[in-house]
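Dear colleague,

I am passing on the structure below, followed by some notes on what was found in it. Please read the two side by side.

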Amino acid sequence: MGLFLLYNIFMETRLKEKLKTLPAAPGVYFHKNNLGEIIYVGKAAVLKNRVRQYFQNSPKDPKTTALVEEIYDTDWIVVDTEMDALFLESEMIKRYMPKWNILLRDDKTVSYVRINMDAEVPYITFTRTPADDKATYVGPFYGKTSIEKALRILRRIFPYYDKPYTGKKTLNTDLGLTPGIEIGKCEPKDYKRNLKKLIRYLEGDREKLLKDLEKTMFEAAKNEEYELAAEAKHQLEGLNELRKKIVFSDKEFADISNDQALKQLQQLLNLAEPPRRIEGYDISHQSGTNTVASMIVFINGVSARDKYRKFKIRSSKSDDLKSLEETLTRRLKHDEWEMPNLIILDGGINQVKTIAKLTDTPVIGRNKSGDHTRNAGVKIVYLENGEAVEKELSSGSHIAKLIARVDEEAHRFAITYHSLLKRKNLFK
């Protein structure tokens, strides 16, 4: 019997034993191939039942059969509820871009939450395909039923309209599921303010949202703005109650010791251990106006949106290099923020050398001539013993996917802040 066959038998036996330990709890699971690469990410209300289905002798479509033939190992993260699993699955698919999620994807099961914030009275809908119409799209979420269920729960904390506003009272008005503009309970500006909070929750900025609500509640009460204080108190209590059922914590983050991208970064940069905290930076402006910088944070390879920060540039408005230098100088003064283990910049060797003078933290520049899309080539530059090293990464590699994800998120966050300032200045 050949060594390869013996190895296969050993792995099959090992996997069968591992599957016996699956918990009867909600979570996200990761199917891996014989190279340890994550090839599929899924969520489950009951991990024990869902994951075992892949390995049962029940009829499967050809694509699923092909997926199962590639599975050598399976890992999972246990969470507290299906909603918890929904948000985690979405983040992990964005992070790893597993090939079988793409091959098996049915566009009917992929949903974005669409909110037309430019409308006088916005309403929320779901769509499979985001349009270039200036609406806010949050997602993608995998499984329309799951995100619809999540929004039904959140609607009791942040009431919203799910159809174009007509000004007429409906059953949802009586149930408290609309903000009540139609009965004079709320003004459109107050409704939009609360929609922004809902968007923050859906995008993952949950911890900071809770702190901001608590601050608003106390400040409003101190200023005798009792209606605003009561609103913040209701939302804070609702989200805290939800937290008892939905715990967003470090269990969202995959085991760092099993993350191939972090291992590869450790080897590439000769680090003592995989980089736990990665910070990404990008500059955004329009002909030198409304210049801003974004700082996004990934912990153990997963975005931690409550730790994101934004900077309004005070120095040179049209010099990206000086703007980046100002941003990192200001950031590094914040000792109360955990220091990064790795910094990823939008730029080339000049940006890397400039920032490397400010910190001992390893710095990588991604040079892509302004193309921040997922399909852009991943060319990186970094310093090795003081000398510039340029490397082109395979777009399908773990390290390339992580760097592209960090860069994409830094760019998105910078553009969002720039657009906000631009709109504010239009009305000055």
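The largest nonpolar core has 33 residues, and Val113 and Leu198 have the most contacts inside it; such a core is a set of buried Ala, Val, Leu, Ile, Met, Phe, Trp, Tyr and Cys residues joined through side-chain atoms within 4.5 Å, where buried means under 20% relative accessible area, exposed over 50% and partly exposed in between (1.4 Å probe, protein chains only). Helix α8 (188–203) is among the elements that each supply at least two residues of this core, and α8 gives the most, with six residues. A second, separate core of 25 residues includes Ala261, Leu268, Ile278 and Tyr308.

This is a predicted model, in which local features need pLDDT of at least 70 and side-chain atom pairs count only at pLDDT 80 or more, while totals for chains, interfaces and linings use all residues. Residues are numbered from 1 along each chain as its sequence is written, and side-chain values use heavy atoms, with hydrogens and water left out.

The count of salt bridges (a side-chain nitrogen of Lys or Arg within 4 Å of a carboxyl oxygen of Asp or Glu) comes to 23. One of them joins arginine 331 to glutamate 279, at 2.7 Å from N to O, and both of these residues are buried. Another pairs arginine 200 with aspartate 212, with the closest N and O atoms 2.9 Å apart; arginine 200 counts as partly exposed because its relative accessibility is 22%. Salt bridges also link Lys189, Asp190, Arg193, Lys197 and Glu231 in a network.

With best regards

How values were computed. Helices (H or I, at least four residues) and strands (E, at least two) are DSSP runs, numbered from the N terminus.
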